[in-house]
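Here is my note on the structure you asked about. Please read it with the sequence and the model open beside you.

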Amino acid sequence: IAHGKPQRTPAWWIGKREPLLASAQHGTPRYVYDLATVRARARSLSASTAVDRCFYAIKANPHPAILKALVGEGFGLECVSQGEFDHVFASLPDLDPNRVLFTPSFAPRREYEAAFARGIIVTLDNIEALQRWPEVFRGRTIWLRIDLGHGEGHHEKVRTGGVAAKFGLPMTRFDAFIDEARKLGVRISGLHAHLGSGIEDPQHWRGVYAHLAGLADNVGTIETIDIGGGLPIPYTPEAPEFDLALWRGGLDEIKAAYPRYGLVIEPGRFLVAESGVLLLSVTQTVEKDGVRRIGCDAGMNALMRPAMYEAYHGIVNLSRLDDEATAAFDVVGPVCESSDVLGRGRSLPLATDEGDVMLVADAGAYGMAMANSYNLRALPVEDVIE
Ligand code: LLP
């Protein structure tokens, strides 16, 4: 194509231009998810022999069709709130509770009670909860989330380890937690760590497994090691594609060194980001002091990632995909905030005009999930295609 993100392997949406334009006629802003892409990403992960179980982090995109597709691929589902696990069982009433993992942060007591009542796997990440609510945890089996002391990821706001982060039991409290658990008859059957999101080094997960396996050997009751999610996708034209072969090879090696534990991963973004596009309609085009702007009917209200993390998403004019991209534009939304910019200095067709359909790529993860109604703008609608 003439403009936008050069695709390593052409994105699914290039071949689906006509149906996408047709669906945009039914209203924008609109997210469209391609389930075939979700399934392909799922298979690329589950093909790894070292990985025993995959849980999809549904916070990335809880659309029921996506949950069903991934459960159909053998995935479990990772939830961070009662809202999420209630939604999972409403969408999939027959799902085995053992395929649902609850990994909350600072959740209220009643959500732990509800999770135990459902029979799903519960992860705890601080000792104070055990001390404050002994009756909730007494005699239970849990997984323990550990802070390995540092965070990783594409932006400081998504790093979940180290003193500045609220997540995880610090190593300094590890022995105290084990003692407290023993006193309450709490069995720790899993160790968990998730250091952040959008981690580029394929060897990261191997290191996490090695670290947790070393600890697990001293606990004695550990069966499962959960090395978190955080697998990246290449959003920018320059970003390298994630080296899955290297990732897999590292896990194979470390699993061979510590074969006793079941290895669990819980990716979100990697599975769904590339499956989703956000379709917007152009409202106005403006030139101010030499800066050209394309205004769309949604911006940071539909997709927070650029405003919140300075994240890059490819943007094309789907109505003029074959036109040459000859001009630089800022692509902005209608929200009354200067941060309401989806992309800066993007090459797009000069003829871009009111009513054109703009496509924002790689928006399937943390797109609709983080959309809001700021300025009383309507939430995007969602479509799923096979
Ligand atoms: N497990 C836990 C405990 C998590 O907190 C997360 C994400 C995941 C798994 C899945 O991470 P993933 O594989 O998707 O990187 N809104 C941000 C990302 C926040 C991630 C929150 N936790 C963004 O749009 O970049």
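Is the crossing in which α2 passes α3 left-handed or right-handed?

1. The helix pair. α2 passes α3 in a right-handed crossing. This is a predicted model, and that holds for every point below. Two packed helices are described by the angle between their axes and the distance between the axes. For helix α2 (residues 35–46) and helix α3 (residues 64–72), the angle is about 35° and the axes are 10 Å apart.

2. What the two helices bring to their contact. On the α2 side the contact is made by Leu35, Val38, Arg39 and Ala42, and on the α3 side by Ala65, Ile66, Ala69 and Leu70. Sorted by class, the residues of this contact are seven nonpolar, no polar and one charged.

3. The domains. The protein is divided into domain 1, which covers 12–32 + 273–385, and domain 2, which covers 62–267. Taken over C-alpha atoms, the centres of domain 1 and domain 2 are separated by 34 Å.

4. The contact between the domains. Eleven residues from domain 1 and ten residues from domain 2 take part in the contact. On the side of domain 1 that touches domain 2, α12 (305–309) and β17 (381–385) each supply at least two residues. That side of domain 1 has seven nonpolar, one polar and three charged residues.

5. The core. The largest nonpolar core has 103 residues. Those with the most contacts inside this core are Tyr209, Ile225, Met358, Leu359 and Val360. Helix α9 (residues 204–219) gives the most to the core, with six residues.

6. Leucine 359 and leucine 318. Leaving aside neighbours within four places in sequence, leucine 359 is in contact with Trp13, Val277, Leu279, Val316 and Leu318. Leucine 318 lies in the loop between β13 (315–317) and β14 (327–332). Is leucine 318 buried or exposed? Leucine 318 counts as buried because there are 22 C-beta neighbours inside 10 Å, and the cut-off for buried is 20 or more. Leucine 318 and alanine 361 are 43 residues apart in sequence and 11 Å apart in space, C-alpha to C-alpha.

7. Backbone points to check. Most residues other than glycine have a negative phi, and most peptide bonds are trans. A cis peptide bond joins threonine 28 and proline 29, with omega about 0°. Proline 29 is in the loop between α1 (17–24) and β1 (30–34). Phenylalanine 106 has a positive phi, near 55°, and tyrosine 366 has a positive phi, near 60°.

8. Phenylalanine 106 is in the loop between β4 (100–102) and α5 (109–118). Tyrosine 366 is in the loop between β16 (357–360) and β17. Which of these residues is buried, and which is exposed? Phenylalanine 106 counts as exposed because there are 9 C-beta neighbours inside 10 Å, whereas tyrosine 366, with 24 C-beta neighbours inside 10 Å, counts as buried.

9. Glycine 139 lies in the loop between α7 (134–137) and β6 (141–147). With 9 other C-beta atoms within 10 Å, glycine 139 is exposed. The C-alpha atoms of glycine 139 and arginine 182 are separated by 9.5 Å, and the two residues are 43 residues apart along the chain. Glutamine 284 and isoleucine 265 are 19 residues apart in sequence and 44 Å apart in space, C-alpha to C-alpha.

10. Glutamine 284. How many C-beta neighbours does glutamine 284 have inside 10 Å? There are 12, so glutamine 284 counts as exposed; the cut-off for exposed is 12 or fewer. Glutamine 284 lies in strand β11 (residues 276–288). Leaving aside neighbours within four places in sequence, glutamine 284 is in contact with Gly295 and Glu354.

Technical notes:
Residues are numbered from 1 along each chain as its sequence is written. This is a predicted model: local features need pLDDT of at least 70, side-chain atom pairs count only at pLDDT 80 or more; totals for chains, interfaces and linings use all residues. A nonpolar core is a set of buried Ala, Val, Leu, Ile, Met, Phe, Trp, Tyr and Cys residues joined through C-beta atoms within 7 Å. Helices (H or I, at least four residues) and strands (E, at least two) are DSSP runs, numbered from the N terminus. Two residues are in contact if their C-beta atoms, placed from the backbone, lie within 7 Å. Domain bounds come from an automatic or database domain assignment. Ala, Val, Leu, Ile, Met, Phe, Trp, Tyr, Cys and Pro count as nonpolar, Asp, Glu, Lys and Arg as charged, and the others, Gly among them, as polar. Axes are lines fitted to C-alpha atoms, for helices over the stretch in contact, and angles run from 0 to 180 degrees between N-to-C directions. A crossing is left-handed if the near helix is turned anticlockwise from the far one by less than a right angle, and right-handed if clockwise.
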